[in-house]
Amino acid sequence: MENVIELKSIRDLRGKNAVLLFGKTRAGKSTFINDAYGKKVVESTEGLTSDTNEISYVNWPIRVDDHDVFLVDTIGLGGSGKDHDRLSLAWKWLSIFHTGKDRKTSLEPIVKGILYFIDIADGAINEDNIRNLETFKALVGEEVQESVVFVTTKWATYAEPQNRKRHEKNFVGWGEKIREFFPRVSILRLDDTTGRLDEDDLNELSSTERTEKEREYHNNAMRVLRQLPTKTPTQPILLQREMRNSPLLAKALLTTTLGRKTLLDLIKDLERASPVRAKFMRKLLEYTMKLT
């Protein structure tokens, strides 16, 4: 879409207050961007088959108090598209943060804030969700967690007591699991008091009613973004630091925490289908890592 640019290098965000949006597919990242801008600037992924298929940013800032912020929409973790498998997604991130011999970029904390979105209706703290948190940690690290905000989305209103009760229970479970990985992060509720209508329901409202709802959603998004300016990191995220020591992109799968985590996850998946082949791959990986 207009003013949305694919992020090909972290250097493209130099000098901008970049905020990265992470989360599972259809957790509400793209919708949040549209709410923050107060209009449709990126394709939303509310449908069952639509996924964000590239890492991109809006090339004009949104004003948050006295800061200009650039929002970066990322490919969903655990999505269904061809670019959503973990190896392809890891390679995209390694490519973006690969700066070769540009040592200056590697030392500059270009990412100013990070939002991780969770659909609060997703109460299953299962292997896939845990793997997403592990992958996220391997990418950003622990040192910048004061700049990380977890955002729970798609809350039921108090007029829906059964769903609301279930969501409150999910919130407690997610909070406990998140703090095992990031004990000092903030965990917020988006659209907590207003609830959230899907696009079909919004279309049934009058023009005045829809404008009022969209204003509510915009205000909710801005409240989340206002948590970030005071949390500016003093150092780059983990992948940016590690890529400084990986001038060769091909080696980054073996020399970065994200790369190694991704390869080990692939071997775990292979163990279910072919234990013998997985054992060979694990030994090969361990041997190759010793050589790097």
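Modeller: A residue counts as buried when its relative accessible area is under 20%, and as exposed when that area is over 50%. Please note that the model is a predicted one.

Biologist: Is F150 buried or exposed?

Modeller: The cut-off for a buried residue is under 20% relative accessible area. F150 has a relative accessible area of 0%, so F150 is buried.

Biologist: How many of the residues of the protein, as a percentage, count as buried?

Modeller: The secondary structure comprises eleven helices and eight strands. The protein has 292 residues, and the share of them that counts as buried is 48%.

Biologist: How many aromatic pairs does a search of the whole structure find, and which residues do ring pairs link into a cluster with F150?

Modeller: The search of the whole structure finds eleven aromatic pairs. Ring pairs join F150 into a cluster with F22, W93, F97, Y116, F136 and F182.

Biologist: What kind of pair do the rings of Y116 and F150 form?

Modeller: A pair of aromatic rings is described by the distance of the centres and the angle of the planes. Y116 and F150 have ring centres 4.9 Å apart. Planes under 30 degrees apart would count as stacked and planes over 60 as edge-to-face. The planes of Y116 and F150 are at 35°, so the pair is tilted.

Biologist: Which strands does the pair of Y116 and F150 tie together?

Modeller: Y116 and F150 are both buried. The pair ties together parts that are 34 residues apart in sequence, because Y116 lies in strand β6 (residues 111-119) and F150 in strand β7 (residues 148-153).

Biologist: What kind of pair do the rings of F136 and F150 form?

Modeller: F136 lies in helix α4 and F150 in strand β7, so this pair ties together parts that are 14 residues apart in sequence. At 2% relative accessibility, F136 counts as buried. The ring centres of F136 and F150 are 6.0 Å apart and the planes are at 85°, so the pair is edge-to-face.

Biologist: At what angle do helix α4 and helix α5 pack?

Modeller: Two packed helices are described by the angle between their axes and the distance between the axes. Helix α4 covers residues 127-140 and helix α5 covers residues 161-181, with their axes 10 Å apart. The crossing of α4 past α5 is right-handed. The two helices pack at an angle of about 35°.

Biologist: Which residues does D265 touch, not counting residues up to four places away in sequence?

Modeller: D265 belongs to helix α10 (residues 257-273). Its relative accessibility is 3%, so D265 counts as buried. Leaving out residues up to four places away in sequence, D265 touches R131 and T135.

Biologist: What separates the C-alpha atoms of W91 and T262?

Modeller: W91 is found in helix α2 (residues 86-97) and, at 35% relative accessibility, counts as partly exposed. Not counting residues up to four places away in sequence, W91 touches L249, A250 and L253. W91 and T262 are 171 residues apart along the chain, and the separation of their C-alpha atoms is 9.5 Å.

Definitions and conventions:
Residues numbered from 1 in each chain as written. Predicted model: local features only at pLDDT ≥ 70, side-chain atom pairs only at ≥ 80, totals over all residues. Heavy atoms only, no water. Axes fitted to C-alpha atoms, helices over the stretch in contact; angles between N-to-C directions. Helix = DSSP H or I, 4+ residues; strand = E, 2+ residues; numbered from the N terminus. Left-handed = near helix turned anticlockwise from the far one by under 90°. Phe/Tyr/Trp six-rings, centres within 6.5 Å; stacked < 30°, edge-to-face > 60°. Buried < 20%, exposed > 50% of the residue type's maximum accessible area, 1.4 Å probe, protein only. Contact = heavy atoms within 4.5 Å.
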